[in-house]
Amino acid sequence: MALRLQALSKSYGGKTVIDALSLEATSGDIVTVFGPSGGGKTVLLRLIAGIEVPESGQVLIDGTDMTYATPDARGIGMAFQNYALFPHMSAYDNVASALTPRKLGESEIRSRVNHIVRLLKIDHVMGHKPRELSNGQKQRTALARALVGAPKILLLDDPLRNVDAKLRYEMRLELPVLLRKFGSTVLYVTQDYKEAMAIGNRIAVLIAGRIVQVATPSEIYDRPATVEVARLFGDPGINLFDVTPDTDGRVAIANAQLSIGAEFASAAGVPCVLGIRPDAITVSQTANGATFPVDVVAETPLNDRSVLLLRTADGKEVLAALPASAAGTTPIGAAHAAFASASALMFDRASGLSIARGARP
Amino acid sequence: MATPRDPGMDHTSTLEKVLRGVALTAIAVFFMFPIFWILLMSLQTNETILRIPPSIVFEPTLSNYTALISGKLTSAAGTLDIAFMHNLWNSILLSTLSVLLALLLGVPAAYAFARFKFRLGEFIAFTLLSFRFAPPLLVLLPLSLIFQYLGLADTYIGLIWVYQLIALPLILWIVRGYFEDISPDIEHAYRIAGHSWLNTFLRIAVPLARPGIAAAGLLAFIFCWNNFIFALILASADKQPVTVGALAFVTASGIQYGQIAAAIVLSVTPTLLLALYAQRYLVEGLSMGAVKG
């Protein structure tokens, strides 16, 4: 195991920021650490880097206990959110600084630096000081500095946060390819769920100092472990209904009794939260046993889809996402909505935990 | 963001320009006049200085400077040996070594106070600063007794030690502020790149705080240079700096204004040159755009 965190805990002034957190990553794994701000993502990276020391728990790198090792002894690379370039050194010296402690020859250092900066397309600015670089170039220089030593563990703290939208989209495509080339184990912190899904093999969802779920991007989206995780992924966000399934596998939404299939019959009588992704909701003008009445309030284009804002008779707002080809086909006013029961997610209302199909809560 | 300019700001009226010029000239004259007058005095003999009414028309002479440099003070009462050049040398020696020692001790200490939280840290830092508040005379009497006892009285080492009361708190507190302004992440990044703590201090923290270190060093140098009371009490003539040495011009046969003026010009020159040289470090900005603010 390239990186193993065991029951790490860290608090500041009595406030627990990292709470008995455990995580494992194999060599070459790219794990995106995603969660709301203040969830402890940056602190987690700092504990691994050795900038902070945990109150309890262990940081194992390649099986060696590095919990209390100094940052220079850990063989890691890290790119900071604010770049943290050395302002008095040229971009070249910034990148080379990760190699100079290794007693390599001048020409060896030069060739390694040149290789990485050419990959990142910043070879033309190597003579410049950081203040003369654009934000995108600063970010790439910081990335080059983190990568050039081919570290076992690479920590990237929201590296795309301060770059403009166009560059961010470019980098989202480029980064996974680049990172795979180096074979490092990557922990990539981000606050953007799309970035988390685009870059990571796996996503670790970090909420309030705890890892709530570690899974592949599609698993996280399709089978979120908690209602909170379901809420964090998806744009537009998931629709949540407070329901209590009956023994026939039916739930009441807006005075309509809708079947959600027999799989959730086990949850009968338990207060639950039903989650329906907006793209699983369809709107039509005809009512049947599987629809509930809604008012179509507004329609907005979003990315490649068209989003309808619906309101049920009891005042609840529901979002439906239609393919762009269906944009403008739904008249504003009274209509009927339905959802595919196969895509329904069910959570225990008290604990927020997911209820698997066919299982008891 | 392009802000629309206030049209009134673009066209400063001629009257405003003239008034501004006059005001600036008045201020410059007010502050520069004493220096200018001393420069004139240094080029005159005591007789022309003391004539009434004073005049700026005179025959310039370098006799004051030659007297100082040769160490022979010629007055109405005869020739007197003065050690002005030796005093000047003492000033340079004492101030330079004091500031170097204070930098050697103060810069690492400032870094420690800026970066690490430790028991009694703030208390120690404030105690060091409080030495600047206490009137020097308060400590001088016991200090002179202690120095006698330790054999430090009338030694350069003793004076340099006491001068730390002036230089060390100044350097500690100014440089500490500059260290605190450096993003800790810059240093973390260097550590993670594989460098030791000491190299991070020497290659990252110190170069980035250089403008602050230069400013603090210069200020400390000037404060040491201008100090009078420590050397007056704790040292004898051959260890004393110019500030104390200037007392020699108050002779039994009167005050040698011309020589005092020349002595002032000579004693101001080193600090002036140092200030001019250090100016480029002083104005060099600290934030160099590495950390997005």
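Colleague: Hi! How many bridges pair β15(A) with strand β19 of chain A, and in which sense?

Modeller: Four bridges, and the pairing of β15(A) with strand β19 (residues 333-339) of chain A is antiparallel. Two strands count as paired if DSSP finds at least two bridges between them. Strands (E, at least two residues) and helices (H or I, at least four residues) are DSSP runs, numbered from the N terminus. Please keep in mind that this is a predicted model, where local features need pLDDT of at least 70 and side-chain atom pairs count only at pLDDT 80 or more, while totals for chains, interfaces and linings use all residues. Residues are numbered from 1 along each chain as its sequence is written, and chains are lettered from A and ligands numbered from 1 in the order in which they are written.

Colleague: Thanks! What is the bridge partner of A:Ser284 in β19(A)?

Modeller: That is A:His336.

Colleague: And which strand order does the open sheet of five strands have?

Modeller: The order is β15-β19-β16-β17-β18 in chain A, with antiparallel pairing. At the edges stand β15 (281-284) and β18 (317-323), each with a single partner strand, so one side of each has no neighbour in the sheet. Neighbouring strands of this sheet are turned by 45° against each other on average, direction ignored. The axes here are lines fitted to C-alpha atoms (for helices, over the stretch in contact), and angles run from 0 to 180 degrees between N-to-C directions.

Colleague: What about the open sheet of three strands?

Modeller: Its order is β11-β14-β20, also in chain A, and the pairing is antiparallel. Here β11 (239-243) and β20 (345-348) are the edge strands with a single partner each, so one side of each is left without a neighbour in the sheet. The twist averages 25° from one strand to the next. Five bridges join β11(A) to β14 (residues 272-276), and A:Asp242 stands opposite A:Val273 in β14(A).

Colleague: Which residue takes a positive phi in the hairpin of β12(A) and β13(A)?

Modeller: A:Ala254 does, with phi near 50°, and the hairpin has two residues between its strands. Strands β12 (residues 250-253) and β13 (residues 256-259) of chain A pair in the antiparallel sense over four bridges. A:Ile253 has A:Ala256 as its bridge partner in β13(A).

Colleague: Now helix α8 of chain B: where is the kink?

Modeller: At B:Leu165, shortly before the proline B:Pro169, and the kink is about 40°. The bend at a residue is the angle between axes fitted to the seven residues ending there and the seven starting there. The helix (residues 156-181) has 26 residues and reaches 36 Å from its first C-alpha to its last, close to the 38 Å expected at 1.5 Å a residue. That expected span is 1.5 Å times one less than the number of residues.

Colleague: Last one: how many residues of chain A are in contact with chain B?

Modeller: 24 residues of chain A contact 20 residues of chain B, where contact means that the C-beta atoms, placed from the backbone, lie within 7 Å.

Key. Contact = placed C-beta atoms within 7 Å.
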